[in-house]
Amino acid sequence: MAMITVTRENFEQEVMKATKPVMVDFWASWCGPCRMLSPIVDQMAEECTDAAFGKVNVDEQPELAARFGVMSIPTVIVFKDGKIVRQTVGAQPKASLEKLLQNT
């Protein structure tokens, strides 16, 4: 499945109204740990059909970062039925991110 660039304009449709769980990676281009995490999330988006995946650039979308209390990046939040079901902060191995999606 393709990675979604999540913005203030499409957040409601792509994340809150999604029929599948959505893993959203809050990141910034200057963030070293974000650059480590990004290819893992991209790979999961290609492999996983049971969830959708999106990225929020916190420099371009500060309102979304503030709305969900993102204080440190990378932050990964899993949404289901418009609600936060899981959240993690910092670079994570793929296995940890896969566990976030389990049982959602």
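The model is predicted: local features need pLDDT of at least 70, side-chain atom pairs count only at pLDDT 80 or more, and totals for chains, interfaces and linings use all residues. Residues are numbered from 1 along each chain as its sequence is written, and side-chain values use heavy atoms, with hydrogens and water left out.

**Exercise 1. Salt bridges**

Solution. 

Step 1. Set the rule. A salt bridge is a side-chain nitrogen of Lys or Arg within 4 Å of a carboxyl oxygen of Asp or Glu. Side chains of opposite charge can pair when their charged atoms come close.

Step 2. Take Arg 8. Helices (H or I, at least four residues) and strands (E, at least two) are DSSP runs, numbered from the N terminus.

Step 3. Check exposure. Buried means under 20% relative accessible area, exposed over 50%, and partly exposed in between (1.4 Å probe, protein chains only). Arg 8 is partly exposed at 49%. Glu 63 is partly exposed at 38%.

Step 4. Take Lys 94. An α-helix has 3.6 residues a turn, so residues three or four places apart point the same way. Lys 94 is partly exposed at 22%, and Glu 98 is partly exposed at 36%.

Step 5. Look for shared partners. Salt bridges that share partners join Arg 8, Glu 9 and Glu 63 into one network.

**Exercise 2. A lysine in a strand**

Lys 55 is found in strand β3. Is Lys 55 buried or exposed, and which residues is Lys 55 in contact with?

Solution. 

Step 1. Read the accessibility. Lys 55 has a relative accessible area of 11%, so the residue counts as buried.

Step 2. List the contacts (heavy atoms within 4.5 Å). Leaving aside neighbours within four places in sequence, Lys 55 touches Met 3, Ile 4, Thr 5, Val 6, Asp 25, Trp 27, Ser 38, Val 41 and Asp 42.

Step 3. Pick out polar contacts. These are pairs of N or O atoms within 3.5 Å; within protein, one must be able to donate a hydrogen and the other to accept it, and residues adjacent in sequence count only if both atoms are side-chain atoms. The Lys 55 side chain makes one with the side chain of Ser 38 at 2.3 Å. Another, of 2.8 Å, joins the side chains of Lys 55 and Asp 42.

Step 4. Asp 42 is partly exposed at 32%.

**Exercise 3. Helix α2**

Where does α2 bend, and what covers its buried residues?

Solution. 

Step 1. Check the span. α2 has 16 residues and reaches 24 Å from first to last C-alpha, close to the 22 Å expected at 1.5 Å a residue. The expected span is 1.5 Å times one less than the number of residues.

Step 2. Locate the bend (the angle between axes fitted to the seven residues ending at a residue and the seven starting there). α2 bends by about 25° at Ser 38, and Pro 39 follows within four residues.

Step 3. List the buried residues. They are Cys 34, Leu 37, Ser 38, Val 41, Met 44 and Ala 45.

Step 4. Find the cover. It includes β2 (22-27), β3, β4 (75-80) and α4.

**Exercise 4. Disulfide and backbone**

Which cysteines form a disulfide, and which peptide bond is cis?

Solution. 

Step 1. Search for disulfides (cysteine sulfur atoms within 2.5 Å). The whole structure has one.

Step 2. Name the pair. Cys 31 and Cys 34 are linked, their sulfur atoms 2.4 Å apart. The link is right-handed, with 80° about the S-S bond. Both Cys 31 and Cys 34 are buried.

Step 3. Turn to the backbone. The bond from Ile 73 to Pro 74 is cis, with omega near 0°. Pro 74 lies in the loop between α3 and β4.
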